Amino acid sequence: MKARNALFAAFTLSTLATAVQAADEVVVYSARIDELIKPVFDAYTAKTGVKVKFITDKEAPLIARLKAEGANTPADMLITVDAGNLWQAEQAGVLQPTESEVIDANIPAQYRSSTDSWTGLSLRARTIFYSTERVKPQELSTYEALADKNWEGRLCLRTSKKVYNQSLTATLIEAHGAEKTEEIIKGWVNNLATDVFADDTALLQAIDAGQCDVGITNTYYYGRLHKQNPALKVKPFWPNQNDRGVHVNLAGAGVTQHAPHAEAARKLLEWMTTAEAQSLFADINQEYPANPAVQPSAEVASWGAFKADTVATEVAGKRQAEATMLMDRAGWQ
Ligand code: FE
(Lines give C-alpha, C1' and ligand atoms only; values in the text may rest on other atoms or scores of the structure.)
Protein backbone atom coordinates (compact mmCIF):
# COMPACT_ATOMS: atom_id res chain seq x y z
CA MET A 1 0.00 0.00 0.00
CA LYS A 2 2.81 2.28 0.98
CA ALA A 3 4.64 1.56 -2.28
CA ARG A 4 1.51 2.20 -4.30
CA ASN A 5 0.98 5.54 -2.60
CA ALA A 6 4.55 6.49 -3.28
CA LEU A 7 4.13 5.53 -6.91
CA PHE A 8 0.90 7.52 -7.13
CA ALA A 9 2.58 10.52 -5.54
CA ALA A 10 5.47 10.25 -7.97
CA PHE A 11 3.09 10.00 -10.90
CA THR A 12 1.13 13.08 -9.75
CA LEU A 13 4.29 15.07 -9.25
CA SER A 14 5.67 14.23 -12.65
CA THR A 15 2.33 15.06 -14.30
CA LEU A 16 2.33 18.37 -12.50
CA ALA A 17 5.92 19.04 -13.49
CA THR A 18 5.04 18.43 -17.15
CA ALA A 19 2.08 20.80 -16.91
CA VAL A 20 4.18 23.52 -15.30
CA GLN A 21 6.97 23.06 -17.82
CA ALA A 22 4.51 23.27 -20.71
CA ALA A 23 3.17 26.59 -19.44
CA ASP A 24 6.69 27.95 -19.02
CA GLU A 25 7.28 27.98 -22.75
CA VAL A 26 6.08 29.95 -25.73
CA VAL A 27 6.60 28.82 -29.32
CA VAL A 28 6.86 31.60 -31.90
CA TYR A 29 6.73 31.56 -35.69
CA SER A 30 8.65 34.64 -36.71
CA ALA A 31 9.15 36.38 -40.04
CA ARG A 32 11.65 38.73 -38.43
CA ILE A 33 15.40 38.22 -38.94
CA ASP A 34 16.80 36.11 -36.04
CA GLU A 35 19.21 38.81 -34.84
CA LEU A 36 16.32 41.28 -34.50
CA ILE A 37 14.19 39.09 -32.26
CA LYS A 38 16.48 36.82 -30.21
CA PRO A 39 17.66 39.55 -27.78
CA VAL A 40 14.01 40.35 -26.99
CA PHE A 41 13.22 36.71 -26.16
CA ASP A 42 16.45 36.31 -24.19
CA ALA A 43 15.51 39.31 -22.05
CA TYR A 44 12.06 37.85 -21.41
CA THR A 45 13.50 34.46 -20.42
CA ALA A 46 16.02 36.15 -18.10
CA LYS A 47 13.21 38.09 -16.45
CA THR A 48 10.51 35.40 -16.17
CA GLY A 49 12.17 32.01 -16.67
CA VAL A 50 9.75 31.37 -19.56
CA LYS A 51 11.50 29.75 -22.51
CA VAL A 52 10.77 31.13 -25.94
CA LYS A 53 11.36 28.76 -28.86
CA PHE A 54 11.16 30.27 -32.29
CA ILE A 55 11.51 29.37 -35.92
CA THR A 56 12.11 31.91 -38.67
CA ASP A 57 10.70 31.91 -42.20
CA LYS A 58 8.96 34.27 -44.63
CA GLU A 59 5.41 35.30 -43.70
CA ALA A 60 3.65 33.37 -46.49
CA PRO A 61 5.13 29.94 -45.60
CA LEU A 62 4.53 30.59 -41.90
CA ILE A 63 0.86 31.43 -42.47
CA ALA A 64 0.50 28.40 -44.79
CA ARG A 65 2.14 26.21 -42.14
CA LEU A 66 -0.23 27.48 -39.43
CA LYS A 67 -3.20 26.73 -41.70
CA ALA A 68 -1.92 23.24 -42.51
CA GLU A 69 -1.13 22.39 -38.89
CA GLY A 70 -4.52 23.62 -37.68
CA ALA A 71 -5.30 22.48 -34.15
CA ASN A 72 -2.02 20.51 -34.04
CA THR A 73 0.24 23.51 -34.36
CA PRO A 74 3.00 23.91 -31.77
CA ALA A 75 3.00 27.69 -32.42
CA ASP A 76 1.57 30.14 -29.91
CA MET A 77 2.49 33.40 -31.60
CA LEU A 78 3.09 34.77 -35.08
CA ILE A 79 5.44 37.72 -35.57
CA THR A 80 5.63 39.45 -38.93
CA VAL A 81 6.03 42.81 -40.61
CA ASP A 82 3.48 45.02 -42.34
CA ALA A 83 -0.16 45.44 -41.35
CA GLY A 84 -0.99 43.97 -44.78
CA ASN A 85 0.61 40.66 -43.79
CA LEU A 86 -0.92 40.62 -40.30
CA TRP A 87 -4.31 41.30 -41.84
CA GLN A 88 -3.76 38.38 -44.24
CA ALA A 89 -2.97 36.12 -41.27
CA GLU A 90 -6.12 37.32 -39.54
CA GLN A 91 -8.19 36.63 -42.69
CA ALA A 92 -6.64 33.16 -42.97
CA GLY A 93 -8.03 32.39 -39.50
CA VAL A 94 -4.68 31.59 -37.92
CA LEU A 95 -4.86 34.28 -35.20
CA GLN A 96 -7.16 34.62 -32.20
CA PRO A 97 -8.29 37.84 -30.52
CA THR A 98 -6.25 38.82 -27.47
CA GLU A 99 -8.18 41.12 -25.20
CA SER A 100 -5.73 42.94 -22.96
CA GLU A 101 -5.91 46.18 -21.02
CA VAL A 102 -2.12 46.28 -21.02
CA ILE A 103 -1.88 46.20 -24.82
CA ASP A 104 -4.78 48.65 -25.22
CA ALA A 105 -3.05 51.08 -22.85
CA ASN A 106 0.39 50.74 -24.45
CA ILE A 107 -0.35 50.72 -28.19
CA PRO A 108 -2.54 53.29 -30.00
CA ALA A 109 -5.65 51.80 -31.64
CA GLN A 110 -4.51 52.73 -35.17
CA TYR A 111 -1.62 50.26 -34.79
CA ARG A 112 -3.81 47.35 -33.67
CA SER A 113 -6.34 45.10 -35.37
CA SER A 114 -9.93 46.24 -34.71
CA THR A 115 -10.69 42.62 -33.75
CA ASP A 116 -7.67 42.46 -31.36
CA SER A 117 -6.13 39.72 -33.53
CA TRP A 118 -2.74 41.45 -33.68
CA THR A 119 -0.88 44.45 -32.38
CA GLY A 120 1.93 46.54 -33.79
CA LEU A 121 5.17 46.43 -31.79
CA SER A 122 7.45 48.76 -33.76
CA LEU A 123 6.87 51.38 -36.43
CA ARG A 124 8.66 52.32 -39.62
CA ALA A 125 7.92 55.29 -41.82
CA ARG A 126 7.80 54.66 -45.57
CA THR A 127 8.93 58.08 -46.62
CA ILE A 128 10.66 60.09 -49.33
CA PHE A 129 14.46 60.01 -49.56
CA TYR A 130 16.35 62.53 -51.67
CA SER A 131 19.82 63.23 -53.00
CA THR A 132 21.47 65.96 -50.96
CA GLU A 133 23.49 66.82 -54.07
CA ARG A 134 20.69 67.28 -56.58
CA VAL A 135 17.56 68.07 -54.56
CA LYS A 136 16.75 70.83 -52.10
CA PRO A 137 14.26 69.72 -49.45
CA GLN A 138 12.12 72.80 -50.30
CA GLU A 139 11.41 71.18 -53.68
CA LEU A 140 9.61 68.34 -51.90
CA SER A 141 6.13 68.43 -50.35
CA THR A 142 3.96 65.31 -50.66
CA TYR A 143 3.92 61.74 -51.99
CA GLU A 144 1.35 62.97 -54.52
CA ALA A 145 3.69 65.72 -55.81
CA LEU A 146 6.24 63.09 -56.91
CA ALA A 147 3.82 62.60 -59.85
CA ASP A 148 4.54 66.16 -61.08
CA LYS A 149 6.39 66.76 -64.35
CA ASN A 150 9.47 68.23 -62.67
CA TRP A 151 10.37 64.77 -61.33
CA GLU A 152 10.32 63.18 -64.79
CA GLY A 153 13.24 60.74 -65.12
CA ARG A 154 14.29 61.38 -61.51
CA LEU A 155 12.20 58.99 -59.38
CA CYS A 156 13.14 55.50 -58.18
CA LEU A 157 10.58 52.99 -56.88
CA ARG A 158 10.72 49.46 -55.53
CA THR A 159 8.61 46.78 -57.20
CA SER A 160 4.83 46.86 -56.68
CA LYS A 161 5.07 43.16 -55.71
CA LYS A 162 6.37 44.16 -52.30
CA VAL A 163 3.68 44.47 -49.64
CA TYR A 164 5.21 47.77 -48.39
CA ASN A 165 4.20 49.53 -51.62
CA GLN A 166 0.82 47.80 -51.69
CA SER A 167 0.16 49.16 -48.18
CA LEU A 168 1.27 52.66 -49.18
CA THR A 169 -1.07 52.54 -52.20
CA ALA A 170 -3.91 51.21 -50.03
CA THR A 171 -3.66 54.28 -47.79
CA LEU A 172 -3.60 56.56 -50.86
CA ILE A 173 -6.84 54.94 -52.02
CA GLU A 174 -8.28 55.47 -48.54
CA ALA A 175 -7.34 59.17 -48.71
CA HIS A 176 -8.16 59.99 -52.34
CA GLY A 177 -10.31 57.23 -53.81
CA ALA A 178 -9.25 54.89 -56.60
CA GLU A 179 -9.50 57.27 -59.55
CA LYS A 180 -7.20 59.97 -58.16
CA THR A 181 -4.80 57.37 -56.75
CA GLU A 182 -4.46 55.77 -60.18
CA GLU A 183 -3.59 59.19 -61.64
CA ILE A 184 -0.91 59.67 -58.96
CA ILE A 185 0.58 56.22 -59.50
CA LYS A 186 0.61 56.71 -63.28
CA GLY A 187 2.49 59.96 -62.67
CA TRP A 188 5.06 58.12 -60.53
CA VAL A 189 5.51 55.41 -63.16
CA ASN A 190 5.91 58.08 -65.82
CA ASN A 191 8.63 59.76 -63.73
CA LEU A 192 10.74 56.63 -63.18
CA ALA A 193 14.45 57.06 -63.83
CA THR A 194 15.01 53.32 -64.24
CA ASP A 195 13.40 49.89 -63.74
CA VAL A 196 11.83 49.22 -60.34
CA PHE A 197 14.13 47.86 -57.63
CA ALA A 198 13.97 44.50 -55.87
CA ASP A 199 14.74 46.05 -52.48
CA ASP A 200 14.83 49.34 -50.60
CA THR A 201 18.59 49.28 -49.97
CA ALA A 202 19.46 49.08 -53.68
CA LEU A 203 17.11 52.00 -54.27
CA LEU A 204 18.85 54.17 -51.65
CA GLN A 205 22.23 53.25 -53.16
CA ALA A 206 20.91 54.31 -56.57
CA ILE A 207 20.03 57.76 -55.21
CA ASP A 208 23.48 58.00 -53.64
CA ALA A 209 25.12 56.93 -56.90
CA GLY A 210 23.22 59.47 -58.99
CA GLN A 211 20.93 57.07 -60.84
CA CYS A 212 17.90 58.93 -59.51
CA ASP A 213 17.17 61.94 -57.31
CA VAL A 214 14.26 60.82 -55.13
CA GLY A 215 12.62 57.60 -54.01
CA ILE A 216 10.38 56.02 -51.39
CA THR A 217 11.72 53.50 -48.84
CA ASN A 218 11.36 52.41 -45.22
CA THR A 219 13.35 54.38 -42.68
CA TYR A 220 15.28 51.44 -41.15
CA TYR A 221 16.94 50.57 -44.48
CA TYR A 222 18.29 54.11 -44.51
CA GLY A 223 19.42 53.63 -40.90
CA ARG A 224 21.37 50.46 -41.79
CA LEU A 225 22.97 51.95 -44.88
CA HIS A 226 23.84 55.20 -43.13
CA LYS A 227 25.52 53.23 -40.35
CA GLN A 228 27.72 51.47 -42.93
CA ASN A 229 28.37 54.66 -44.86
CA PRO A 230 28.02 57.89 -42.85
CA ALA A 231 28.99 59.84 -45.98
CA LEU A 232 25.77 58.72 -47.73
CA LYS A 233 24.50 61.62 -49.84
CA VAL A 234 20.86 60.78 -49.11
CA LYS A 235 18.45 62.15 -46.52
CA PRO A 236 14.87 61.49 -45.43
CA PHE A 237 12.09 63.99 -46.08
CA TRP A 238 8.78 63.95 -44.18
CA PRO A 239 5.98 64.52 -46.70
CA ASN A 240 2.35 65.57 -46.22
CA GLN A 241 3.03 67.50 -43.03
CA ASN A 242 0.25 69.96 -43.92
CA ASP A 243 -2.32 67.25 -44.49
CA ARG A 244 -2.56 63.60 -43.43
CA GLY A 245 1.08 62.94 -42.52
CA VAL A 246 3.75 60.34 -43.29
CA HIS A 247 2.79 56.75 -44.16
CA VAL A 248 3.69 54.55 -41.21
CA ASN A 249 3.62 50.76 -41.09
CA LEU A 250 4.64 48.27 -38.44
CA ALA A 251 6.10 45.01 -37.29
CA GLY A 252 3.66 43.18 -35.04
CA ALA A 253 2.38 39.96 -33.58
CA GLY A 254 -0.70 37.99 -32.63
CA VAL A 255 -1.53 34.87 -30.63
CA THR A 256 -2.30 31.93 -32.92
CA GLN A 257 -5.81 30.48 -33.20
CA HIS A 258 -4.78 27.11 -31.75
CA ALA A 259 -2.00 28.25 -29.39
CA PRO A 260 -1.15 25.42 -26.94
CA HIS A 261 0.07 28.09 -24.49
CA ALA A 262 -2.31 30.95 -25.27
CA GLU A 263 -2.10 32.47 -21.81
CA ALA A 264 1.70 32.42 -21.75
CA ALA A 265 1.70 33.90 -25.27
CA ARG A 266 -0.63 36.70 -24.17
CA LYS A 267 1.74 37.54 -21.31
CA LEU A 268 4.74 37.62 -23.64
CA LEU A 269 2.83 39.84 -26.10
CA GLU A 270 1.83 42.20 -23.29
CA TRP A 271 5.43 42.42 -22.10
CA MET A 272 6.57 43.23 -25.64
CA THR A 273 4.41 46.38 -25.53
CA THR A 274 6.00 47.65 -22.30
CA ALA A 275 8.77 50.25 -22.12
CA GLU A 276 11.34 47.61 -21.18
CA ALA A 277 10.82 45.54 -24.32
CA GLN A 278 9.85 48.34 -26.70
CA SER A 279 13.30 49.93 -26.85
CA LEU A 280 14.89 46.54 -27.37
CA PHE A 281 12.47 45.56 -30.14
CA ALA A 282 12.56 48.91 -31.97
CA ASP A 283 16.16 50.10 -31.50
CA ILE A 284 17.76 46.91 -32.76
CA ASN A 285 16.27 47.55 -36.23
CA GLN A 286 16.31 51.34 -35.99
CA GLU A 287 12.53 51.50 -35.82
CA TYR A 288 10.18 53.65 -33.76
CA PRO A 289 8.59 52.13 -30.65
CA ALA A 290 4.85 51.57 -31.17
CA ASN A 291 4.30 52.58 -27.53
CA PRO A 292 4.26 56.40 -27.71
CA ALA A 293 5.57 56.70 -24.14
CA VAL A 294 8.89 55.22 -25.30
CA GLN A 295 11.45 57.40 -27.10
CA PRO A 296 13.19 56.19 -30.25
CA SER A 297 16.97 55.68 -30.18
CA ALA A 298 19.18 58.77 -30.48
CA GLU A 299 20.10 57.81 -34.03
CA VAL A 300 16.48 57.41 -35.14
CA ALA A 301 15.50 60.64 -33.34
CA SER A 302 18.28 62.46 -35.24
CA TRP A 303 16.28 62.03 -38.47
CA GLY A 304 13.77 64.54 -37.06
CA ALA A 305 10.23 64.44 -35.75
CA PHE A 306 7.25 64.17 -38.08
CA LYS A 307 3.50 63.97 -38.14
CA ALA A 308 2.35 60.43 -38.98
CA ASP A 309 -0.80 59.49 -40.85
CA THR A 310 -3.51 58.58 -38.32
CA VAL A 311 -5.28 56.13 -40.64
CA ALA A 312 -5.81 52.66 -39.13
CA THR A 313 -2.93 50.52 -40.37
CA GLU A 314 -5.34 47.63 -41.07
CA VAL A 315 -6.54 49.66 -44.09
CA ALA A 316 -3.36 48.30 -45.71
CA GLY A 317 -4.90 44.82 -45.52
CA LYS A 318 -8.48 45.74 -46.26
CA ARG A 319 -7.53 47.55 -49.46
CA GLN A 320 -4.60 45.32 -50.46
CA ALA A 321 -6.36 43.51 -53.32
CA GLU A 322 -7.71 46.80 -54.66
CA ALA A 323 -4.27 48.41 -54.39
CA THR A 324 -2.53 45.53 -56.18
CA MET A 325 -4.96 45.69 -59.12
CA LEU A 326 -4.65 49.47 -59.32
CA MET A 327 -0.83 49.35 -59.35
CA ASP A 328 -1.04 46.79 -62.14
CA ARG A 329 -3.43 48.97 -64.18
CA ALA A 330 -1.15 51.98 -63.67
CA GLY A 331 1.84 50.02 -65.04
CA TRP A 332 3.83 49.81 -61.79
CA GLN A 333 5.93 46.69 -62.36
FE1 FE B 1 11.85 45.29 -44.53
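This is a predicted model: local features need pLDDT of at least 70, side-chain atom pairs count only at pLDDT 80 or more; totals for chains, interfaces and linings use all residues.
Visitor: Which residues of α4 are buried?
Guide: Ala83, Gly84, Asn85, Leu86, Trp87, Ala89 and Glu90. Buried here is under 20% relative accessible area, exposed is over 50%, and partly exposed lies in between, with a 1.4 Å probe and protein chains only. Helices are DSSP runs of H or I with at least four residues, strands are E runs of at least two, and both are numbered from the N terminus.
Visitor: OK, what follows α4?
Guide: Glycine 93, with a positive phi near 80°.
Visitor: Switching to the metal: which protein donors does the iron ion have?
Guide: Tyr164 (OH), Tyr220 (OH) and Tyr221 (OH), at 1.9 to 2.0 Å. Donors are N, O and S atoms within 2.8 Å of the metal (3.2 Å for Na, K and Ca); water is not among the atoms, so sites may look incomplete.
Visitor: And where do tyrosine 164 and tyrosine 221 sit?
Guide: Tyrosine 164 is in helix α6 (residues 163-176) and tyrosine 221 in helix α9 (residues 219-228), 57 residues apart. Both tyrosine 164 and tyrosine 221 are buried.
Visitor: Last one: why does threonine 98 count as buried?
Guide: Because its relative accessibility is 10%. Threonine 98 sits in the loop between β4 (95-96) and α5 (101-106).

Notes. Residues are numbered from 1 along each chain as its sequence is written. Side-chain values use heavy atoms; hydrogens and water are left out.
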